[in-house]
Amino acid sequence: MEKVIDKSRAYEAYRLAWDDIAKLLSDQIKAVLGRRFLLRVWPEDQGYWGARALHGLFSVADLNRLLDAVQADAETRMETLPEDSEAVHGFGMTLGSLLLKAALQADWKCEMVEDDALWLIGFVSSETRPYTVSGLLRTLNPDTLMSAKDILTYLKDNDSTDRTLSDIRLRYYAAHGNELCWRYPISDGIHAGAFILATKDGYLSLPYNSMDEEDYEILVLDDAVFHDLASLTTFLSDWEDFSADLTDAMREMCRILEGGEEDA
């Protein structure tokens with residue numbers, strides 16, 4: 001898989017040969033159906049590609065299992081499932097792209113079809129965008145999360161600190177493989193920082209103003225509040241401005257120090 005980074009537009013693009021895509025899709029189909037299909041994948045025209053089994057057919061039941069595995073929408077199902085037969089030789093680009101994303105554990109903005117390869121434009125992987133790609137937050141069952149009322153009661157009864165909050169994070173990690181809690185370490189103009197915690201009822205902001213040497217952040221529970229779209233958008237914008245400024249400054253510091261070492 002050939003990688004290209006366009007620094008002027010700040011996106012990554014990957015180029016995959018059709019034979020490589022065929023193998024990736026074959027592996028992903030085997031993981032879902034339990035049996036392997038050897039595939040031919042090819043460009044049908046400038047903006048579309050398809051996949052076809054070299055041996056055997058995909059039954060309607062097979063296609064439904066594949067569609068379920070990638071959480072396909074109604075439009076993709078309508079495009080993929082045959083209207084007047086019980087089995088087909090292959091499937092189109094819509095299901096193919098979803099299976100390819102599952103195989104690569106990645107997402108991308110668009111595709112560009114060439115005669116010998118497929119370009120994946122705006123590529124992001126599960127390593128760099130774990131929530132966007134995996135869909136973890138979208139697929140969480142709220143019943144597996146604690147209610148905000150129970151969380152606030154537990155924190156109030158146990159000193160209201162980050163050390164107490166870690167009990168909830170560990171509980172979430174055991175259930176979901178993720179703490180579902182994020183530290184927001186810059187001021188919103190009222191508090192020094194906050195934690196954002198996923199709850200059964202929504203995304204709860206737990207602010208703090210001070211720290212303890214042993215128990216770390218001391219939470220201001222009287223100011224705990226649910227985020228809405230507007231407040232989260234503000235948090236996100238402020239963080240991006242802060243981190244961009246700091247990141248650019250540190251990069252320039254590194255360049256200056258690197259130049260100083262070369263001069264020495």
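What follows is a chat about how the labels on this predicted model were assigned.

User: Before the labels, what are the ground rules here?

Analyst: This is a predicted model, so local features need pLDDT of at least 70 and side-chain atom pairs count only at pLDDT 80 or more, while totals for chains, interfaces and linings use all residues. Residues are numbered from 1 along each chain as its sequence is written, and side-chain values use heavy atoms, with hydrogens and water left out.

User: Why is serine 26 called buried?

Analyst: Its relative accessible area is 5%. Buried means under 20%, exposed over 50%, and partly exposed in between (1.4 Å probe, protein chains only). So serine 26 lands in the buried class.

User: Where does serine 26 lie, and what is it in contact with?

Analyst: Serine 26 is part of helix α1, residues 18-33. Helices here are DSSP runs of H or I with at least four residues, strands are E runs of at least two, and both are numbered from the N terminus. Contact means heavy atoms within 4.5 Å. Setting aside neighbours within four places in sequence, serine 26 touches Arg36, Phe37 and Leu39.

User: What makes the serine 26 and arginine 36 pair a polar contact?

Analyst: The two side chains come to 3.0 Å. The rule asks for a pair of N or O atoms within 3.5 Å; within protein, one must be able to donate a hydrogen and the other to accept it, and residues adjacent in sequence count only if both atoms are side-chain atoms. At 3.0 Å, the side chains of serine 26 and arginine 36 make a polar contact.

User: Which backbone atom does the side chain of serine 147 reach?

Analyst: The backbone nitrogen of aspartate 150, at 3.1 Å. Serine 147 sits in the loop between α6 (136-139) and α7 (148-157), and with 15% relative accessibility it counts as buried. Beyond neighbours within four places in sequence, serine 147 is in contact with Thr199, Lys200 and Asp201.

User: Why is glutamate 114 with arginine 15 called a salt bridge?

Analyst: The definition wants a side-chain nitrogen of Lys or Arg within 4 Å of a carboxyl oxygen of Asp or Glu. For glutamate 114 and arginine 15, the closest N and O atoms are 3.8 Å apart, and the pair forms a salt bridge. Glutamate 114 is in the loop between β9 (110-113) and β10 (117-121) and arginine 15 is in strand β2 (residues 11-17), so the bridge ties together parts 99 residues apart in sequence.

User: How exposed are glutamate 114 and arginine 15?

Analyst: Glutamate 114 has 27% relative accessibility and counts as partly exposed; arginine 15, at 22%, counts as partly exposed too.

User: How do you know that aspartate 116 and arginine 15 meet in a salt bridge?

Analyst: Their N to O distance is 3.0 Å, and the side chains meet in a salt bridge. Aspartate 116 is in the loop between β9 and β10, 101 residues from arginine 15 in strand β2. Aspartate 116 is partly exposed at 46%.

User: What about arginine 163 and aspartate 215?

Analyst: Those side chains form a salt bridge with N to O at 2.9 Å. Arginine 163 belongs to helix α8 (residues 162-176) and aspartate 215 to the loop between β14 (203-212) and β15 (216-219), 52 residues apart. A search of the whole structure finds 13 salt bridges.

User: What makes β3 and β7 edge strands?

Analyst: Strands pair if DSSP finds at least two bridges between them. The open sheet runs β3-β4-β7 with antiparallel pairing, and β3 (39-45) and β7 (90-92) each pair on one side only. As an example of the pairing, β3 and β4 (residues 48-53) share 6 bridges, with valine 41 opposite alanine 51 in β4.

User: Why is α1 called roughly perpendicular to α4?

Analyst: The two helices pack at an angle of about 80 degrees, with axes 9 Å apart. Axes are lines fitted to C-alpha atoms, for helices over the stretch in contact, and angles run from 0 to 180 degrees between N-to-C directions. Under 35 degrees is roughly parallel, over 145 roughly antiparallel, 65 to 115 roughly perpendicular, and the rest oblique. So α1 counts as roughly perpendicular to α4.

User: Which residues meet there?

Analyst: Among them are Ile21, Leu24 and Leu25 in α1, and Gly96, Leu99 and Leu100 in α4.
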